Amino acid sequence: MGARSGASRRRRRGLLRRNEQHIISSRRPMDAGDTSCWATSLHADLVRLIGWRVLAGDLLDYVRFRAVCPLWRSSTARPRGRGLVDARFRPRQWMVMAEKCGLHPGHPELLGYVRFFNLCTGYFVRSRIPLFENHKVLDSADGLILLLREQDHTVRLLHPFTGDIAVLPPLTTLLRDFGDGLNFSSRDLSALGDLSATSVSVSLDGVITVLIIFSWLSRVAFASSGIDHQWRVSTWSLTSPLWWSVSFKGRLYVLCYKYYGDDPQFFQIDPPQHKDMGLSDRPKLIATCRGKIQPPFHLVACDSDIFIIGLSNIPNSVHMLVYRLADLIVNKVVPVTSIGGNILFANYVSSLSVSARALPTIMGDGIVTTAPGDIYFGKNNDLGIYHLKDCTWLPAVDADEYHDKWLSKPSSPRNLVHRIFWRRFNLEKFGYYFSWNKTRPSLVKTNWRDEV
């Protein structure tokens, strides 16, 4: 009996060892030269088709897809060299994120590394970009970063993941056009570095054109990489005293508001179609929102739509309304109650959309913004979230988050919601202004914030 049980145990151990060897052999790393592997047996056209589907989701997923094996890499298009001219390779879902303790990109302690945040998944990645050491972040469009070089004020358009760069003329060449209308005071010339929105377009022959709109000057300027030696300025200006802008699919969209009680109007600014063309045509009126909302307004690009955010025009109302620009174009003035589960960050400097997957602590279909004066969340805590479905206000962050009472922004953004909402302030290395010299204009930097 004992010999029979011992033999059965030995047989079971032998079977277990053979099964373990089979599992280990099936889990061994994929050999690039193994032609029997399923990855190398796929047809190149099928791999290319799958690659385009992956690229439609996220650029970094496409990079990982190409790293599976040599066949997949050779069958798909290489991102480097196409990051600027081909819109499919732009990192739209990624934004530059300041490090903890307010360390701006390019700080010596970061050793050239820059952190990026995925607005859809919430993932963080770090990339080494030494270019930030002597450049200032001006703006971003479709994930591309517009930089200003400190030495000669040259503007560069950077793809942060492929390293593709387009060189544009120095920003100081704009003084030739704005000089007659300015007094050359520090306030006037600082407006050249204060951008409201930036759009990037590519012509059929591969020429990259950058279109920028200035916050204080109400003018639009553009330049093409490799062609223009100075920025060209529009012959018209935005005459409305209040306006907001957003970049979307290579165009600029502007909301103009003349006075209280007026209906906000929406204009579209197209980039020049040819290299010899200018911005002589005035913005095209595309929609009007009649008698529904009042300031403060915000324009947010979310997926394939542009949303308009404002307060209800009912007296003493604290409710917010959201309209889809595509609906207003066809005269459908109906507020939306769902924005696809996304979260809209409505900042007076710039606004953006974040997926609820990236911020699981905040309920989707909400607006993060500074709450109206009638809403009180506690001392120095005015950042709230408005839920569209139930029309309620809740604090977006904990009440003990410290705010600077003069600048109305957190001095050290520890909370992720704060870091996203005040991202433009956290990315700035210095406060910049242009000063006028008798011989030439120069860019002067003043340290106005604690860098550590």
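Pro272 counts as buried, at 14% relative accessibility, where buried means under 20% relative accessible area, exposed over 50% and partly exposed in between, with a 1.4 Å probe and protein chains only. Pro272 is found in the loop between strand 14 (265–269) and strand 15 (284–288). Helices (H or I, at least four residues) and strands (E, at least two) are DSSP runs, numbered from the N terminus. In space, Pro272 and Leu211 are 9.2 Å apart, C-alpha to C-alpha, although 61 residues separate them in sequence.

The model is predicted, so that local features need pLDDT of at least 70 and side-chain atom pairs count only at pLDDT 80 or more, whereas totals for chains, interfaces and linings use all residues. Residues are numbered from 1 along each chain as its sequence is written, and side-chain values use heavy atoms, with hydrogens and water left out.

The chain has nine helices and 25 strands. Of its 452 residues, 51% count as buried. Contact means heavy atoms within 4.5 Å. Among contacts in the chain between residues at least 6 apart in sequence, 47% join residues at least 24 apart.

The largest nonpolar core has 23 residues; a nonpolar core is a set of buried Ala, Val, Leu, Ile, Met, Phe, Trp, Tyr and Cys residues joined through side-chain atoms within 4.5 Å. Leu146, Val155, Leu157, Val210, Ile212 and Trp231 touch the most other members. At least two residues of this core are supplied by each of strand 4 (135–141), strand 5 (144–149), strand 6 (154–158), strand 7 (165–170), strand 8 (195–202), strand 9 (208–214) and strand 10 (220–224). Strand 9 gives the largest share, four residues. Apart from this core lies another, of 20 residues, with Val354, Leu359, Ile362 and Phe421 among them. In soluble globular proteins, nonpolar side chains tend to be buried together. Leaving aside neighbours within four places in sequence, Leu157 is in contact with residues including Leu84, Leu146, Val200, Ile208 and Val210.

Four strands form an open sheet in the order 4-5-6-7, with antiparallel pairing; two strands pair if DSSP finds at least two bridges between them. Strand 4 and strand 7 are the edge strands, each pairing on one side only. On average, neighbouring strands of this sheet are turned by 25° against each other, direction ignored. Axes are lines fitted to C-alpha atoms, for helices over the stretch in contact, and angles run from 0 to 180 degrees between N-to-C directions. Five bridges join strand 6 and strand 7 in the antiparallel sense, and Val155 has Leu168 in strand 7 as its bridge partner.

A further open sheet, of three strands, has the order 16-17-18, again with antiparallel pairing. Its edge strands are strand 16 (293–302) and strand 18 (320–324). Here neighbouring strands are turned by 25° against each other on average, direction ignored. Seven bridges link strand 16 to strand 17 (residues 305–312) in the antiparallel sense, and Gln294 has Leu311 in strand 17 as its bridge partner.

Five of the five residues of strand 22 (residues 383–387) are buried, so this strand is largely enclosed by the rest of the structure. In a regular strand the side chains alternate between the two faces of the sheet. Both faces of strand 22 are covered, with Leu383, Ile385 and His387 buried on one side and Gly384 and Tyr386 buried on the other. Strand 21 (residues 366–370) runs antiparallel to strand 22 and is joined to it by five bridges, with Val368 opposite Ile385. Strand 22 also pairs with strand 23 (residues 392–395), in the antiparallel sense, over four bridges, and Gly384 stands opposite Pro395. Strands 22 and 23 form a hairpin with four residues between them, and Cys391 in the turn has a positive phi of about 55°.

The axes of helix 2 (residues 44–57) and helix 3 (residues 59–66) come within 8 Å and cross at roughly 150°. That makes helix 2 roughly antiparallel to helix 3; angles under 35 degrees count as roughly parallel, over 145 as roughly antiparallel, 65 to 115 as roughly perpendicular and the rest as oblique. Val47, Ile50, Gly51, Val54 and Leu55 in helix 2 meet Leu59, Asp61, Tyr62 and Phe65 in helix 3. Leu59, Leu60, Tyr62, Phe65 and Arg66 of helix 3 are buried.
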